[in-house]
Amino acid sequence: MKWLDGWLDKTAENTARSISQKTSRRGFLGKVAGVVVGGAVTVPLLPVARSQENPAPQEEGDPASCEYWRYCAIDGFLCGCCGGSMNSCPPGTEMSPITWIGTCENPVDGKSYIISYNDCCGKSSCGNCLCQRNEGDRPVYNPRVSNDLNWCLGTSSNTYHCSTAIVIGAALDE
Amino acid sequence: MKRLILLTLIFASSAFGQVQPEPTGVIQTLPAPWPAHWIIAHDVAFFHMSDGKFYVLDAESDDAATRVKGIFNGAFIAQFIQATSRPEMYILETFRSRGSRGERTDVLTIYGKDSLAPIGEVVIPPKRASAMPTNYHLQLVDDEKLALIYNFTPATSVSVVDIVNREFLGEIPIPGCSLVYPMAGRAFASLCTDGSMMSVQLDENGEQASTARTGEFFDANDDPIMEKAAMIDGVAYFPTFLGRVVPVDLNGSEPEVGQEWSLLGDGDEGWRPGGIQVTERDSDGRMYVLMHPDGYEGSHKDPGTEVWVFDVANKRRVDRIELQLPAISMGMTNDDDPLLLVTNVNLELDIYAAKSGEYQRTLNNFAAETVLMLYGAE
């Protein structure tokens, strides 16, 4: 869930703007449509090249910064500022198995990757490193790519704590 | 001598008036109806969500202390709607038995406008969508007899509550669709991922009588419609990310998609709608849209620097209000001389005269932290 950030320190001069303009990925969105059908969740058919085909990418930047490349569609508190990391939850929380995704470009290799923003749940708002970027975010009627929803679903508590940004795989070109 | 002084003091104080003993236990109430320029500011308390608050404020007051008329609670990113036919407000809340953990209970809480106290509640299935606030998680239909609640587990459905008798009636599945838009009579519509709108007619028991589906009229990825529609005379006006407007008439038995038009005219290239509550409407049926220049992919929640005003019947812009500070969300009072209410980027409330666009005042320093939704008193 997640929203906010920016307005606390980002005004009309949106610091994320230049990044977003360089990394627009709208063309990929049509390929990542996992939808809720018939009261159940379909397994999303992600356009992912698995890791055995593509070795782990090199990355640069500060994972505690909202401008880090993986956070292009995140909206919430960065788990790396809450006792976890960009791909793990803080101690004593529970990772949601259901989530929303983004498609972000890694500036090091110029490739786009599918990012799973699994929320960490069961404790109240971490409150640290609030980050909101909405590249590829879509309204809640398109839930798989919507960051307005609290994705603490399928966990013992739906209380939202922070969000991770886990690389699922490389996005395939159109 | 001492006795004389004491007697003199007692005499003097009573003669010139001392602070008199006062009764305890006095609790204020509010007038009915509320003055037209009282507003409700929803502080979602993003940093401690279980403690959200709604502030009742006099938007015409320049006194930071006395402009606060009262406060009521809304737990865990509540959703909110006011009745117009009775002095009640409805808050969709989530509680857990151990605070951040334990058994979940979802409640539709009923507040009286005069007492500002909870006067009733309906326990509903613990499925209500937990999400940023919009106007379409909780709606009233059938002359405000039914309350409809959007559920997301992530299976989607709508809980139906008889709000007059304060009783949960049942749950309607809306597979692949989201949110509740009020339709005429005992009916609602929802937006679907496939680009259509689903409508549901309810029977006298609040159960599904029939459903219908429009054709696909929007793309959920490419220039999608924003779910934050302006409702004017039963028509939902959906702005799109890139600045089109798609009207859907909800006055009939099924939604009727109208002809789209554009918010943008010559020279408006790059302007886009953006923010939390992006649209509003006034008592004359004009539509207000929060707009920002130099739009880009992902700017649909960026602060707006202007509010554009549209005559929806003639599909043309009639005014352009330049905000003194960019704003993230909008509200409007419901009278004939309405106030435009915005949350600015400092998370203060700026008040404008809607018809002239003139800035009036800033409401701040009343302890709210993250006011994301604003409402005029009904």
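## Basis of the model

The model is predicted: local features need pLDDT of at least 70, side-chain atom pairs count only at pLDDT 80 or more, and totals for chains, interfaces and linings use all residues. Residues are numbered from 1 along each chain as its sequence is written, while chains are lettered from A and ligands numbered from 1 in the order in which they are written.

## Chain A overall

Chain A contains two helices and eleven strands, where helices (H or I, at least four residues) and strands (E, at least two) are DSSP runs numbered from the N terminus. Along the sequence the order is α-α-β-β-β-β-β-β-β-β-β-β-β. Chain A has 174 residues, of which 55% are buried; buried means that 20 or more other C-beta atoms, placed from the backbone, lie within 10 Å of the residue's own.

Two residues are in contact if their C-beta atoms, placed from the backbone, lie within 7 Å. Of the contacts in chain A between residues at least 6 apart in sequence, 78% link residues at least 24 apart.

The average pLDDT (the predictor's confidence in each residue, from 0 to 100) of chain A is 76, and 66% of the residues reach at least 70. Over residues 1-52 of chain A, pLDDT remains under 50, and the model has 124 contacts beyond four places in sequence for this stretch.

## Strand E7 of chain A

Strand E7 of chain A spans residues 112-116, and five of its five residues are buried. A:Ser112, A:Ile114 and A:Ser116 point one way, with A:Tyr113 and A:Ile115 pointing the other way. In a regular strand, side chains alternate between the two faces of the sheet.

Strands pair if DSSP finds at least two bridges between them. E7(A) runs antiparallel to strand E6 (residues 101-105) of chain A, joined by five bridges, and A:Ser112 lies opposite A:Glu105. Six residues separate E6(A) and E7(A) in a hairpin, where A:Gly110 in the turn has a positive phi of about 70°. E7(A) also pairs with strand E11 (residues 166-171) of chain A, antiparallel over four bridges; here A:Ile115 faces A:Val167.

## Strand E26 of chain B

Strand E26 (residues 339-344) of chain B is largely enclosed by the rest of the structure, because six of its six residues are buried. Strand E25 (residues 316-332) of chain B pairs with E26(B) in the antiparallel sense over five bridges, including one that partners B:Gly331 with B:Leu341. A hairpin of six residues joins E25(B) to E26(B).

E26(B) also pairs with strand E27 (residues 349-353) of chain B, antiparallel over five bridges, and B:Leu341 stands opposite B:Ile351 there. The hairpin of E26(B) and E27(B) has four residues between the strands, and B:Leu347 takes a positive phi near 65°.

Definitions and conventions:
Buried ≥ 20, exposed ≤ 12 C-beta atoms within 10 Å, placed from the backbone.
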